[in-house]
Amino acid sequence: MIHKQFTQFERVINIDLPRGKSAFLWGPRKVGKSFWLKQNFPKVIVIDLLKSDIFAEYAARPSLLRERYLQEDASSTLIIIDEIQSVPTLLNEVHWMIENGNNAFILTGSSARKLRKGHANLLGGRAWRYVMLPLCYPEIKDFKGYTLKDIFQKGLIPSH
């Protein structure tokens, strides 16, 4: 079995939300959004819509989000929904929970355009916007193994 050695990059992005605030984290596929969130928010609820059973559940009944996780007491619950563009109707539930509960969300996706095109609820100012782009110069400590040809052909997408 061949083991590839993966380099961890310290990303310059910082999501430091005030208690009870929500955010979108947009970025192209494979830039490390999900990995970064797991590293930086290890003890929160994560709903991964790439898992077919989870996707099917929430696509069929978006209200499950509210039924399972509505936080009505004083403590705030942070929920990460990964690949939110897969089930745009969940955004209505998120909106309702932000307004009527004590929930906060980090919603990830690779395409806000897909949501806008489908007239999805983009929460109208209720969620801050962050973008994770491919690696940038301050994030790469050592350019060994990177050629200009590689950078221009593949970009600086971190390997997973």
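Guide: Two strands pair if DSSP finds at least two bridges between them. Helices (H or I, at least four residues) and strands (E, at least two) are DSSP runs, numbered from the N terminus. The model is a predicted one, in which local features need pLDDT of at least 70 and side-chain atom pairs count only at pLDDT 80 or more, whereas totals for chains, interfaces and linings use all residues. Residues are numbered from 1 along each chain as its sequence is written, and side-chain values use heavy atoms, with hydrogens and water left out.

Visitor: Why are β1 and β4 said to pair?
Guide: β1 and β4 are joined in the parallel sense over four bridges, and pairing requires at least two bridges, so the term applies to them. Within this pair, A23 stands opposite I106 in β4, and L25 stands opposite T108 in β4.

Visitor: What makes β1 and β5 a pair?
Guide: Five bridges join β1 to β5, and the two run parallel. F24 stands opposite R129 in β5.

Visitor: What is the order of the strands in the sheet, and which are the edge strands?
Guide: Five strands form an open sheet in the order β2-β3-β4-β1-β5, with parallel pairing. β2 (45–48) and β5 (127–131) are called edge strands because each pairs on one side only. From one strand to the next, the twist averages 15°. Helix α4 packs on this sheet and touches β1, β3 and β4; its direction makes about 155° with that of β4. Such angles run from 0 to 180 degrees between N-to-C directions, the axes being lines fitted to C-alpha atoms, for helices over the stretch in contact.

Visitor: How do you know that L64 is buried?
Guide: Buried means under 20% relative accessible area, exposed over 50%, and partly exposed in between (1.4 Å probe, protein chains only). L64 has 10% relative accessibility, so it counts as buried. This residue is found in helix α3. Leaving aside neighbours within four places in sequence, L64 is in contact with E57 and Y58, where contact means heavy atoms within 4.5 Å.

Visitor: What makes β1 mostly covered?
Guide: Five of the five residues of β1 are buried. In a regular strand the side chains alternate between the two faces of the sheet. In β1, S22, F24 and W26 are buried on one side, and A23 and L25 are buried on the other.

Visitor: What makes a set of residues a nonpolar core, and which residues touch the most other members here?
Guide: A nonpolar core is a set of buried Ala, Val, Leu, Ile, Met, Phe, Trp, Tyr and Cys residues joined through side-chain atoms within 4.5 Å. The largest such core has 19 residues, of which L65, I81, L90, F105 and L107 touch the most other members. Two or more residues each come from β1 (22–26), α3 (64–69), β3 (77–82), α4 (90–100) and β4 (103–109). The largest share, five residues, is that of α4. A second, separate core has 13 residues, including L17, V31, L37 and M132.

Visitor: How do you know that the buried residues of α4 line one face of the helix?
Guide: The buried residues in α4 are L90, L91, E93, V94, M97 and I98. Seen down the axis of α4, they fall within an arc of 155°, so they line one face. The arc is that of the directions from the helix axis to the C-beta atoms.

Visitor: How many helices and strands does the protein chain have, and what share of its residues counts as buried?
Guide: The protein chain has six helices and five strands, and 38% of its 160 residues count as buried.
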